[in-house]
Amino acid sequence: MREEEKKPTSTIRRILKQRWALSAIYIASAAIILAAAFLLQNSFDDSANDGKEESAETGKNYGEPSVEVNSNLETIKMPVADADKSVIKKQFYDVNADEKAQEEALVFYNNRYEQNKGIDIAMEDGKSFDVKASLSGNVTKVQDDALLGNLVEVEHEDGVVTRYQSVKDIKVAVGDKVKQGQAIATAGKSQINEEAGVHVHFEIRKDNIALNPLDFVDKQASAIQSAAEAEADKEETPAIEGSEADKETPAVEGSEADKEETPAVEGSETDKEETPAVDETDKSTDLDSGTDEEGSVPGEDTTEESDSLKDSLNQSN
């Protein structure tokens, strides 16, 4: 047992007695220490750089006004301060509505009927009120127009525009940036819709196409883009192509193939050729008529033989 316990120690001593053993141990230890120090240094550098970059970015934007980067997440609001006290004098003209709703959404002016491209909003008491920006954006048009009652146009992202007509005391100018809820004008009157009284004509347009504002109130501005894409998909649906495909369905070819492949005619022909219906009928008719298969009547042979006998007897007499 003692000799077996001494064997491992003796091998280690033999290795250590070699000239290269100690140098190899030193080199391996140094490599391990250097690798650990390198990893620790990199971890400290990364944490220090992250803090510097964040502080630099924070200091760079310090003192500058904040810029809205999520304006599409804004919820569309009615252009009035108190929507509960407002009334809709005239609705948006919807091509999918019934006839009565469409008639009520027509604007009559100068002996002509025009489709209402927005909604006309007034207060229950008929008094004037401040017109608020429905969404944040940039003012792109301010126009004096007696017929429309003046116009303010605000542009938003993705080709969305809000219009405010029949206003007065305009408080903004072209190029101004307005925030949602900011007062931009005061409600007024217009010649084109005098029946509405003091009101504001409010429109939402996407790529210059008028949309029903009531469909997007209290919804995010991104809903306008989704609705526009849905309308574009409806227009691009291959309805005509589908009908053409239906027209091109191989109904005729299938019927022709069915006519060609169905063995009705061939079966009848083969039945006619294979079935001995004609032969049986011929035989039956021959039997019924009293004739044999060769067409002779059985009684005729015996009468001819009797006549010939009589003739021979007469000649012999």
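Student: Let's start with E99. Buried or exposed?
Tutor: E99 counts as exposed, because its relative accessibility is 63%, and the cut-off for exposed is over 50%. Keep in mind that this is a predicted model.

Student: Okay. Which helix is E99 in?
Tutor: E99 sits in helix α3, which covers residues 99-104.

Student: Switching to the nonpolar side of things. Which residues make the nonpolar surface patch?
Tutor: I12, L16, L22, I25 and Y26 make a nonpolar patch of about 510 Å². Two elements, α1 (2-17) and α2, each give two or more residues to the patch.

Student: Which element gives the most?
Tutor: That's α2, with three residues.

Student: Take I25 then. Where is I25 found, and how exposed is it?
Tutor: I25 is in helix α2. Its relative accessible area is 41%, so I25 counts as partly exposed.

Student: Now salt bridges. How many does a search of the whole structure find?
Tutor: Six salt bridges turn up. One of them pairs the side chains of D218 and K77, at 3.9 Å from N to O.

Student: What does the D218 and K77 pair tie together?
Tutor: D218 lies in the loop between β13 (209-211) and α4 (222-236), and K77 in the loop between α2 (19-60) and β1 (86-90), so the pair ties together parts that are 141 residues apart in sequence.

Student: How accessible are the two partners, D218 and K77?
Tutor: D218 is exposed, at a relative accessible area of 55%. K77 has 40% and is partly exposed.

Student: Why would side chains like that pair at all?
Tutor: Opposite charges can pair when the charged atoms of the side chains come close.

Student: What about D82, which residue does its side chain meet?
Tutor: The side chain of D82 meets K85 in a salt bridge, with 4.0 Å from N to O. D82 itself is partly exposed, because its relative accessibility is 31%.

Student: And E203, which residue is its salt-bridge partner?
Tutor: E203 forms a salt bridge with R205, and their closest N and O atoms are 2.8 Å apart.

Student: Are E203 and R205 buried or exposed?
Tutor: Both are buried.

Student: Speaking of buried, where does A122 lie, and what is its relative accessible area?
Tutor: A122 is part of strand β4, residues 119-123. Its relative accessible area is 1%, so A122 is buried.

Student: What does A122 touch, leaving out residues up to four places away in sequence?
Tutor: A122 touches K85, S86, V87, K89, F129, A196, V198 and H199.

Student: How far apart are A122 and A187?
Tutor: In sequence they are 65 residues apart, but in space they are 8.2 Å apart, C-alpha to C-alpha.

Student: Zooming out, what share of contacts in the protein joins residues at least 24 apart?
Tutor: It's 62%, taken among contacts between residues at least 6 apart in sequence.

Student: And how many helices and strands are there?
Tutor: The protein has nine helices and 13 strands.

Student: Last one. How much of the protein counts as buried, and what does the accessible surface come to?
Tutor: Of its 317 residues, 24% count as buried. The accessible surface comes to about 23,100 Å², with 52% of that belonging to carbon and sulfur atoms.

Key: Residues numbered from 1 in each chain as written. Predicted model: local features only at pLDDT ≥ 70, side-chain atom pairs only at ≥ 80, totals over all residues. Heavy atoms only, no water. Helix = DSSP H or I, 4+ residues; strand = E, 2+ residues; numbered from the N terminus. Buried < 20%, exposed > 50% of the residue type's maximum accessible area, 1.4 Å probe, protein only. Contact = heavy atoms within 4.5 Å. Areas by Shrake-Rupley, 256 points an atom, 1.4 Å probe, with all protein chains shown as cover. Patch = residues over 30% accessible without salt bridge, like charges linked within 9 Å, V, L, I, M, F, W, Y side chains within 5 Å.
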